[in-house]
Amino acid sequence: QVQLVESGGGLVQPGGLLRLSCAASGSISRIFGMAWYRQAPGKQRELVAGITSGGSTNYADSVKGRFTISRDNAKNTVYLQMNSLKAEDTAVYYCNADVVTMGASWSYAYWGQGTQVTVSS
C-alpha cells in the first residue's frame, strides 16, 4: 500500500505565503506524475499544479506566477509554494501521485487526506 501525507496548511492573511508538502511512503517502485488539487466549498475539485518525474510543470491559470510546484524524487515528496495568497485560494488542498507499487506492472493514482488552506484577514 501507499500513503500520501500532506502538511503545511493553515490560516494566512491575504498576500501571505504558505508551503505545502506531501510525502509518499509504502511499497513504492516508481512515482510518475505528482500534483496538487484543491476543492473549495460547493465547487468541484480542480487541478492546481502538476509535475512530471522529469520536472516538467503545469499550472492552473489562476495560480500562474504565484504558486510553484517542485519535487524531491529521493524523498518521494512534492511541494507547493504558494505566494501572494488570495481569499479565493481558500480550499482543501489534496496531493495526488501516480505510483507503481512493488511487483506491479501499471500505475495507480493515490490521494492524500487533504489539508485546509484558509486565506482571510
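Trainee: How many aromatic pairs does a search of the whole structure find?
Mentor: The search finds 2 aromatic pairs. Rings of Phe, Tyr and Trp (its six-membered ring) pair if their centres lie within 6.5 Å, with planes under 30 degrees apart counted as stacked, over 60 as edge-to-face and the rest as tilted. One of the pairs is Tyr108 with Tyr110, edge-to-face at 5.0 Å centre to centre and 75° between the planes.

Trainee: Before I go on, what kind of model is this?
Mentor: It's a predicted model, where local features need pLDDT of at least 70 and side-chain atom pairs count only at pLDDT 80 or more, while totals for chains, interfaces and linings use all residues. Residues are numbered from 1 along each chain as its sequence is written, and side-chain values use heavy atoms, with hydrogens and water left out.

Trainee: Back to the tyrosines. Is Tyr108 buried or exposed?
Mentor: Tyr108 is exposed, at 53% relative accessible area, whereas Tyr110 is buried at 14%. The cut-offs are under 20% for buried and over 50% for exposed, with partly exposed in between (1.4 Å probe, protein chains only).

Trainee: And which ring faces does Arg45 lie over?
Mentor: Arg45 lies over the face of Tyr94, 3.8 Å from the ring centre, and over the face of Trp111 at 4.7 Å. That call needs NZ of Lys or CZ of Arg within 6 Å of the ring centre and within 35 degrees of the ring normal.

Trainee: What does Asn96 touch?
Mentor: Setting aside neighbours within four places in sequence, Asn96 is in contact with Trp111 and Tyr110, among others including Leu4, Gly33 and Met34. Contact here means heavy atoms within 4.5 Å. Asn96 sits in strand β9 and is buried, with 11% relative accessibility. Strands (E, at least two residues) and helices (H or I, at least four) are DSSP runs numbered from the N terminus.

Trainee: Switching to charges: how many salt bridges are there in the whole structure?
Mentor: There are 4 salt bridges, each being a side-chain nitrogen of Lys or Arg within 4 Å of a carboxyl oxygen of Asp or Glu. Take Asp89 and Arg38, whose side chains meet at 3.0 Å, N to O. Asp89 is in the loop between β8 (77–82) and β9 (91–101) and Arg38 is in strand β4 (residues 28–39), so this pair links distant parts of the chain, 51 residues apart.

Trainee: How accessible are Asp89 and Arg38?
Mentor: Asp89 is buried at 1% relative accessible area, and Arg38 is buried too, at 6%.

Trainee: What else does Asp89 pair with?
Mentor: Arg66, in a salt bridge of 2.8 Å, N to O. Arg66 lies in the loop between β6 (57–59) and β7 (67–72), so its pairing with Asp89 ties together parts 23 residues apart in sequence. Both Arg66 and Asp89 are buried. Through shared partners, salt bridges join Arg38, Glu46, Arg66 and Asp89 into one network.

Trainee: What about Lys64?
Mentor: Lys64 forms a salt bridge with Asp61 at 3.1 Å, N to O. Asp61 is exposed, with 65% relative accessible area.

Trainee: OK, the core. How many residues are in the largest nonpolar one?
Mentor: It has 31 residues, and Trp36, Leu80, Met82 and Tyr93 have the most contacts inside it. A nonpolar core is a set of buried Ala, Val, Leu, Ile, Met, Phe, Trp, Tyr and Cys residues joined through side-chain atoms within 4.5 Å. Elements giving two or more residues to this core include β1 (2–7), β5 (46–51) and β11 (115–119). The largest share, 5 residues, comes from β9.

Trainee: Which residues does Met82 touch?
Mentor: Not counting residues up to four places away in sequence, Met82 touches Tyr93, Leu20, Phe67 and Arg66, among others.

Trainee: And how do β3 and β8 pair?
Mentor: They're antiparallel, over 6 bridges, and Leu20 stands opposite Leu80 in β8. Strands count as paired if DSSP finds at least two bridges between them. β1 and β3 also run antiparallel, joined by 6 bridges, with Val5 opposite Ala23 in β3.

Trainee: Last one: where is Gln13?
Mentor: Gln13 is in the loop between β2 (10–12) and β3 (18–26), and is exposed at 54% relative accessible area. Gln13 touches Val119 and Ser120, leaving out residues up to four places away in sequence. Gln13 and Arg30 are 17 residues apart in sequence but 37 Å apart in space, C-alpha to C-alpha.
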